[in-house]
Amino acid sequence: MNLIENDNYNIGHICTRRQCEQGRGGKRAFRWISAHQETTDYSFTDLDRESSSFANALQALGFAAGDILFTFLPKTPEQFFVFLGALKLEVVCGTLFANFGYEAIVDRLGDAKARGVVTKKSLLGKITRVREQLPCLQVIIVVDIPEHLSADILSYPALMRQASPDYVARPTAADTPSVLHYTSGSTGKPKGVLHVHGSILHLNRTTREVLSLTESDTFWCTADQGWVTGTSYGIIGPWSLGVSQIHYGGGYDAKLWFELLRDQGVTVWYSAPTALRMLMRESAELYKSFDLSTLRHIFSVGEPLNPEVIAWARATLGKDIYDTWFQTETGGIMITNRPGLEIRPGSMGTPLAGIEAAICGDAGLPLGNHVLGNLCLKSGWPSLFVTYLNHPDVYARKFRDGYYYTGDTAVRDDDGYYWFKGRNDDVINTAGHLISPFEIESALLEIPEVAESGVIGAPDALLFEKVVAFVCLRPGTAYSKELEIKIRLYVSNRVSSIATPQEIVIVDRVPKNKSGKIMRRVLKARYLGQDAGDLSTLED
Ligand code: AMP
């Protein structure tokens with residue numbers, strides 16, 4: 001059956017109404033399992049009705065194609081209705097990780113000039129705190145208040161009660177903007193990565209060809225909808241195929257996760273190395289007691305997957321883990337291990353058919369096998385981002401000679417397998433989350449006791465990288481447990497709990513070059529006890 005009918009690429013339509021039209025109306029689209037393990041089932045008819053009601057509610061509020069709406073929600077069923085409803089109306093939907101602090105919110109909502117945000121009562125305070133800095137923000141919709149709080153803090157249930165459940169998305173062109181995710185760089189503020197409705201072609205294809213999902217599968221993607229995996233493969237890919245999912249609202253818990261895999265009959269599971277490494281630390285007794293025979297495949301994404309984890313899964317679960325590689329900008333899986341392809345533990349696998357990868361030098365020339373260089377992809381696939389919102393110059397710099405430069409470094413072996421080596425910038429990848437050292441350094445400098453700061457990612461056995469902050473205190477300030485807690489809390493509230501330094505190192509000064517740029521390379525080398533290399537540019 002063709003995915004695209006009448007040239008209509010509308011993601012909201014294809015993931016809901018199309019599924020009903022194809023006879024899956026009564027099929028379970030997802031089972032919602034709350035943190036307290038209460039379950040609620042939603043069929044594709046439910047998904048269609050709720051998302052259409054939300055599209056109508058948004059339209060009644062004056063939203064129209066091209067406007068930007070964000071969700072700032074923990075995992076919750078409304079996340080899916082809002083996301084798909086906004087897309088039906090061709091409103092661009094951005095998703096924010098619920099652990100973000102108030103400054104992270106201002107940066108993103110402000111840069112996008114968002115007209116609205118959908119949140120929960122428990123998170124409302126983070127938005128109202130910075131409301132005055134967001135002149136374009138017209139409406140805050142709260143999913144768990146029964147009635148409107150004020151003219152612009154509105155109740156989702158009240159809006160939905162008044163909205164008609166009938167909404168037919170107009171045919172949407174492939175290049176119509178759809179989803180917005182902010183990604184952190186090593187300098188400047190986070191950038192808004194904009195995707196288009198046509199991306200559904202690639203997400204549908206990779207869900208079939210890599211994740212191997214068919215209509216009879218039960219899929220569990222553990223990623224939060226605040227990140228690209230959570231939208232591309234926790235929403236769009238599987239539902240474009242009519243696949244039933246589970247969504248779990250709680251956090252990591254080894255026993256419970258195994259129970260979910262077994263009791264919910266999960267057949268394909270997509271998770272991340274940090275979670276898999278955490279499972280690996282549990283006692284062998286725990287996983288031996290679970291029969292996971294319905295689980296066909298395990299996939300992983302977000303950080304390098306150590307060969308030890310693959311060996312562990314083979315030995316204890318009797319399963320392979322397929323490592324997949326992609327990033328916010330690529331929208332969907334590009335380089336990957338997959339059933340049918342021999343796994344080389346430690347390698348990200350090979351590019352998908354039709355995806356041309358290359359290792360290029362800084363001068364732009366493609367390099368040979370076994371040579372370390374920039375991981376590049378020949379541009380042109382449907383889920384490639386179309387711009388960094390408000391930063392077309394930065395976007396343009398990512399492309400050269402028809403190649404998109406991913407920012408990762410890698411090598412290719414003689415059989416075309418790609419091996420991840422690192423990033424060519426200072427961005428930190430902790431537990432699969434990219435974090436900007438710049439955002440943390442800026443937050444640290446706002447603490448009155450802090451004179452200078454420099455932040456790096458250092459290797460960590462569990463998280464892949466941990467955040468290490470080097471802090472130079474103002475004269476006369478003594479370091480104490482209280483100050484350490486103050487620093488941690490400040491970063492957590494302002495940026496995000498995942499950005500909170502795992503280690504704080506007090507230094508006399510932070511190395512900078514002659515133009516005042518923090519020399520993170522030097523900090524990292526010193527921390528790791530390595531040679532810091534050329535120091536001639538260091539300030540006196
Ligand atoms: P994000 O844009 O936040 O999804 O992060 C994407 C980045 O995470 C990539 O550019 C890589 O640096 C890293 N990453 C994602 N998947 C993998 C993987 N399978 N192996 C190694 N690094 C990965």
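A polar contact here is a pair of N or O atoms within 3.5 Å; within protein, one must be able to donate a hydrogen and the other to accept it, and residues adjacent in sequence count only if both atoms are side-chain atoms. The model is a predicted one, where local features need pLDDT of at least 70 and side-chain atom pairs count only at pLDDT 80 or more, while totals for chains, interfaces and linings use all residues. Residues are numbered from 1 along each chain as its sequence is written, and side-chain values use heavy atoms, with hydrogens and water left out.

Take the ligand to begin with. It has 15 residues around it, and D323, T324, Q327, T328 and D408 come nearest (near means a heavy atom within 4 Å). T324 puts a backbone N or O atom 2.7 Å from a ligand nitrogen. For D408, a polar side-chain atom sits 2.9 Å from an oxygen atom of the ligand.

Now for the helices, which are DSSP runs of H or I with at least four residues, numbered from the N terminus. Axes are lines fitted to C-alpha atoms over the stretch in contact, and angles between N-to-C directions run from 0 to 180 degrees. Helix α3 (residues 44-60) packs on helix α4 (residues 77-88) at about 60°, their axes 7 Å apart. That angle makes α3 oblique to α4 (under 35 degrees is roughly parallel, over 145 roughly antiparallel, 65 to 115 roughly perpendicular, and the rest oblique). Residues in contact (heavy atoms within 4.5 Å) include L47, F54 and L58 of α3 and F80, F81 and L84 of α4. This contact splits into 9 nonpolar, 3 polar and 3 charged residues; Ala, Val, Leu, Ile, Met, Phe, Trp, Tyr, Cys and Pro count as nonpolar, Asp, Glu, Lys and Arg as charged, and the others, Gly among them, as polar.

Helix α8 (residues 200-209) meets helix α9 (residues 228-240) at about 85°, with axes 8 Å apart, and the two are therefore roughly perpendicular. On the α8 side, I200, L203, N204, T206 and T207 take part, facing S232, Y233, I236, G237, P238 and S240 of α9. The tally for this pair is 5 nonpolar, 6 polar and no charged residues.

Finally, helix α11 (residues 273-280) and helix α13 (residues 307-317) have axes that come within 10 Å and cross at roughly 55°, which makes α11 oblique to α13. L276, R277, L279 and M280 of α11 touch E308, V309 and W312 of α13. Here the residues divide into 5 nonpolar, no polar and 2 charged.
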